[in-house]
Structure formats: structure tokens, C-alpha cells
Amino acid sequence: MTFPPSPPLPDPSHAHSLLRSMLLVRRFEEKCAELYTEQKIRGFLHLYIGEEAVATGSIAALERRDSVVATYREHGQALARGVPATTVMAEMFGKQEGCARGRGGSMHLFDAETRFYGGNAIVAGGLPLAVGLALAAHMQGEDRVTACYFGDGAMAEGEFHESMNLAALWNLPVLFCCENNLYAMGTALEVAQAETDLALRATSYGMPAWPVDGMDVLAVEHATRRAVQSVRAGGGPHFLEFRTYRFRPHSMFDPELYRSRDEVAEWKKRDPIVLLANRMREAGILDDAGMDALEAEVAEEVDNSVRFAEEGSWEPVEELTRFVHSDPEVAE
Amino acid sequence: MPVITYRDALNQALAEEMERDDSVFLMGEEVAEYDGAYKVSKGLLEQFGERRIVDSPISELGFAGLGVGAAMVGLRPVIEFMTFNFSILALDQVINAAAKMYYMTGGQIPVPIVFRGPTGAALQLSAQHSQACETWYVHSPGIKLVTPGTPADAKGLLKASIRDNDPVAFMEGELLYNLKGEVPDPDDGDFVIPLGVADVKREGSDVTIVTHGKMVNEALRAAATLEKDGIEAEIVDLRTLRPLDVEAILRSVHKTNRAVYLEEGWPYVGIGSQIVSIIQEEAFDYLDAPVVRVTQADVPMPYAKNLEKIAKPDAARVVEACNRVLYRN
């Protein structure tokens, strides 16, 4: 697959902000992996490392009033959306200062404040919800767009089909963001999908769809801006297939027997952070000192999030049954 | 008091709540142009327009999930399942999204949604169209379950369900839509029945029949037969299965010392299992006999008329069960 030429670099401050956002996700998750080994974080932990350009570039193209629905591999989307690293880390520690009070953990990050509607640990489970958010915007006459993230694996689910059909049928303002990292857990795309051209499949619902180089944050942002503009203008749902790759195993329990080291090494040559940093260096807007300063800034933010999580408190056990129902008077 | 059908009572409740609150909308298969498969939404399309009475394609998982998403941002969807049999396709969104959302988000995101439609057997519709679906729903914390057995309860409870801030499954009786009963005149004020309050449909002192939904009517027939034998049965209609009015069950058992649970569903881990468990834990010393359950036979519903008849719980079997706990056989 050859993609169109990468878009030109944006102004230096925006380029820096994209680089910083990707670097934050990378360093934050590297820290998460460490903390997992130390058993500070438990449950399932799915790292986004390698895919940072997708969340960063696409969310940069959204407005504050827009909504985001993601998957169980959603640390990248949460951070890019502006959910504070502190509350995301506290959530993974299970502390009540977490963005879901420690009720959700890594796979169920939520933050109503930034219109981040999860975190969903059911493959394709977020798609109907995202279309529902779009339906609400449509009914209320608001020009919000809902960005809905899911992996290539979700496209084998019935929920994918129903969501695409309803969104297209009712011309709803939703942007389907497929993160095609070539593997549904350990199952390769060609073993799971009868038609592996995922954007082509999306067009069968009558919506505009096209593949995007998911390792190039500038291409991701450019494509998303174009799609969002059209969705917001009443153009109905759009579908972007971000071709990307996860550098790490599926989760912390994956020996990676389904792909070769050579394949991983080949993809790492297109590390999205390195790609952008190199472009910025070539353009003379980033040097070693600048990169070091950025690394230091991000390291401090990550350390700060760990400190916040460590210092956080456990929800009192008396609150076990709180929030089962919204009205405590009728809670059993 | 006006006498109207169960269907019209539901229709009134929908119309009144949609009139009162612009965030309420109805979505489902055939709810608009067709007036609903059971005509519950008759006339609502003309009254409220296609923005609020939404015909969906046959896509239960999809439109149930769209409803949950819309509820997450403040709308109040009423999702009609043509029957709850079809809602089994939608259970991922009901159980994994709607029921868990408020808890999982630490109280950030309530889901004020109603899933409604008929449950239980009709006449010779066989296995896939004749099953009581209560257990699928009531098992999960986070969801409320309402099962009205009369027109008045249908109206008052549907209005309360739509106003509730949590997901509510509202299960109607397919054979009840033409049932007539007294329902307060809309001009006499807002008629709302709070969730979680059982209703004694008949007072008696000899035996308690606890039941819900359509089976309330079967219990009343059984009580009429028993009365001829000099037995006074008390009928406790639970009306909502979550939250459950435990006090009402215990009050009656304390009085009669004998209890029968009647339900349309299967016996295996059915609603009755829960009720029997509560009675033996909370009122063991009051019991003069083991609690007996009357349920559908533990088989998929057969089509043949003779088999269907013996598979379904009915008044005669309730009379037998009452006699058993009274040691009258």
C-alpha cells in the first residue's frame, strides 16, 4: 500500500505538541509495564506502544465538544483527550482518585469532563454506544462529532455491522476510527476477515472510507480533520482505517508466537515518534537539547502521575454497593 | 374510574411522559408507521413526529446500544423490543453496558433508559417465541425489573420507569394487551406508582401466593376456586422484581404461615428460587410447610396444543400447590 505524500509540517508549536503527546503516551505506558511487574497495577494491561500516532493525530483534530469512545487499549486516547495522567494512573492503581474511582481499572477509563466515554472491554461493544452518542447529538441539534475507536478484530463482530448500518442509515455524526494493527489478539487479519481491505468493506455501507498511514501522525491528523469537517457539516458517518502496529505483546501475558521478530523490527523502523522527530529535526525546529527537554518534561509528568497514584486512597469498603443504582433510596 | 385496556394504559403512559419531558423518545421495530407490533404506540407518531418515535431496522443489539449511548448523554430512550425473546440478541448492551455503566464509571454516567415489550408465552407460538425472560435481566445488579399485571399497574409503573435514572426492563404480558381494568382519569392528576412496592391483590389468611406479571391473573382465578372450598388465599403481586419488596412478602407469610410462588418462567434458578431463599432465611420460624413453586415445565415450549397446555403454569396447578402447603391432599 502506498499512501499519499505526508502532509507538510504544521507550525512549530503544534508539531511540538503532537510530539509531546505521543511521547507522553509512550513513557507513561513504559512506566505502566514496570509498575505491572511490581504488581502496583493488576488486571489486564494492554499497551498502545507503537500506535501513538493514531490517538494523538486524530484527537488533535477534534473539538472539546466532541466525544470519544475507545476500547480496552485506550490509555493513548485518554491521555491525548486530556484526561489527566494523574487520574489515569490512579485508576490503574485502583485508587478512588482515579478517573473512574478505581472501579474500572486499565480497561474502563471514563471521564465525563472531557467527554471520554470509555474504555470498553467487550470487543465492538463501544460501537453502538458511540452511534448512540451521535444520535443524541443529532436529536438535540448539536454539532458534536463522536470519534469511535476499535481494532480490526471488532470488524468480525455483529455489533460492528449493526452500528455501521444504523449510523449510515440515519446519517449520524460519527467517525469510525479503525485501528488496524494486523492482529486481533494473536489472530492475523487474513485469518479473521474474509475481506482484508477494511476501508473497502466500510464503503459497502455507503459511507466515505479510506486507509491512512497510522504511523505518520501528520497523515492521521490531516485525514481526521478532513473527515471530521465533513461529518460535522452533515456528511454522515465516515470511516478511517489507520494502518498501524503494536510494538508490544497483546497484553502482559502474550509470548507473541504468532508473529516474527523480523516483522516487529521492520515496523519499528517506522516508529511514529521517531518519524515525527526526524521531520522536525530536518526542518530545524528540534535539536538534541530540545528533545532532551521534552523527555525531561514528560518524565516529570509521568513521575508526578505515579506519585499521585501512590499517595491516593482506597475507597472505603463500606462503599462497595455505592453506585449500583443512581438513586440510593431504592438501592437494595 | 375509567376502564381501559392494558395496551391503552401503556399508550397513555408513553404519551404523558413524552409530553412532560422532551428528552423522552421511543425507538424500536415497527413503533412508528405500524403503531407497534402490538399497537402500544398507536397515534404517537402523529403526536410527536419522527424525531421522537423512531422506526429501527431489525437490529436489536444495535438499537439497544444506541439507546444506551443516547442515555449516557442525558436523553431518556424507551427501547421497544417487539418481544423480549428478541432482546436476547441485545443482552451485551443491556448487561455489559447499561447495567454496569453507573457503577463502572464511579457514578459519573447514569443510564436512564427503559427496555420494554412483552415477555412470556402467548398461544402456540412455540419455543423461540414463548419464554419468560425475567431471569436474564434480574440476575444482573444495576438493572431494575418491572412486571405489571394489570392496566393500572402498567400505566403507573411505566411512568415511574421512564422517570427513573437507572436502566429499567419493563416486561409486559403478551396476552394482557386486551385486558381491561380501572385506571385513574388523566384529568385527576399524575398517576405514578413507585418502583419497589408490591401490591396485595387479594387479602386472605390461609395461604400466600406470591407472583408477578401476567400470572397475577392466574393467581386470582386460583383464589376464586379456593374460596369455594373455604380457603382464603392472599395474593402478593411483587410488581417489581428489582428492587424487591421483601417486607411485603414477609408480612404476608407471617400472617398465613404458608406460601406458594407462581411464575411463568422455568424452575431452574428461576425467580422463585430467590423468593424461596428469602422466605426460608427470613421467615423460617413462621412456616408451617415448605414453600412450593409453580412454574413452566423445565422444557422449551412445545407447539402442540396438548403439550403446551401441560407445560404452562395455570390456576389448577396453583390450587394444587396451595392444597399441598395446606396439607389438604
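1. In chain A, 75% of the contacts between residues at least 6 apart in sequence join residues at least 24 apart. This is a predicted model. The secondary structure of chain A consists of 12 helices and seven strands.

2. The radius of gyration of chain A is 20 Å, which agrees with the value near 20 Å that a compact globule of 332 residues would have. Along the principal axes, the C-alpha atoms of chain A fill a box of roughly 55 × 50 × 40 Å. Of its 332 residues, 56% count as buried.

3. Chain A carries 31 positive and 51 negative side chains. The centres of these two sets lie 2 Å apart.

4. Chain B has 12 helices and 14 strands. Its radius of gyration is 20 Å, close to the 20 Å that the globule rule gives for 329 residues, so chain B is as compact as a globular protein of that length. The box filled by the C-alpha atoms of chain B is roughly 60 × 45 × 40 Å along the principal axes.

5. In chain B, 64% of the 329 residues are buried. Among chain B contacts between residues at least 6 apart in sequence, 81% join residues at least 24 apart. Chain B exposes about 12,400 Å², and carbon and sulfur atoms supply 52% of that area. There are 31 positive and 48 negative charges in chain B, and their mean positions are 3 Å apart.

6. Aromatic pairs come next. Over all chains the count is 16. In one of them, the ring centres of A:F44 and A:F253 are 6.1 Å apart and the planes stand at 85°, so the pair is edge-to-face. A:F44 lies in the loop between α1 (12-37) and α2 (52-60) of chain A, and A:F253 in the loop between β7 (238-243) and α10 (261-268) of chain A, so the pair ties together parts that are 209 residues apart in sequence. A:F44 is partly exposed at 47% relative accessibility, while A:F253 counts as exposed at 56%.

7. B:F81 and B:F84 also form an edge-to-face pair, with 5.5 Å from centre to centre and 65° between the planes. Both B:F81 and B:F84 are buried. In chain A, ring pairs link A:F150, A:F160, A:F176, A:Y205 and A:F239 into a cluster.

8. How many of the 14 residues of helix α5 (residues 91-104) of chain B are buried? The count is 11, and the helix is mostly covered. Among the buried residues of α5(B) are B:L91, B:V94, B:I95, B:M101 and B:Y102. The cover over the buried residues of α5(B) includes α5 (126-139) and α6 (158-169) of chain A, as well as α3 (60-72), α4 (84-87), β5 (114-119) and α6 (134-138) of chain B. Just after α5(B), B:G106 has a positive phi of about 60°.

9. B:P2 sits in the segment before β1 (3-5) of chain B. With a relative accessible area of 30%, B:P2 is partly exposed. Beyond its neighbours within four places in sequence, B:P2 is in contact with B:G181, B:E182, B:V183, B:P184 and B:D185. B:G265 is 263 residues from B:P2 in sequence, and the C-alpha atoms of the two are 32 Å apart in space.

How values were computed. Residues numbered from 1 in each chain as written. Chains lettered and ligands numbered in written order. Predicted model: local features only at pLDDT ≥ 70, side-chain atom pairs only at ≥ 80, totals over all residues. Heavy atoms only, no water. Helix = DSSP H or I, 4+ residues; strand = E, 2+ residues; numbered from the N terminus. Rg over C-alpha atoms; globule rule 2.2 N^0.38 Å. Buried < 20%, exposed > 50% of the residue type's maximum accessible area, 1.4 Å probe, protein only. Contact = heavy atoms within 4.5 Å. Areas by Shrake-Rupley, 256 points an atom, 1.4 Å probe, with all protein chains shown as cover. Lys, Arg positive; Asp, Glu negative; His and termini not counted. Charge placed at Lys NZ, Arg CZ, Asp CG, Glu CD. Phe/Tyr/Trp six-rings, centres within 6.5 Å; stacked < 30°, edge-to-face > 60°.
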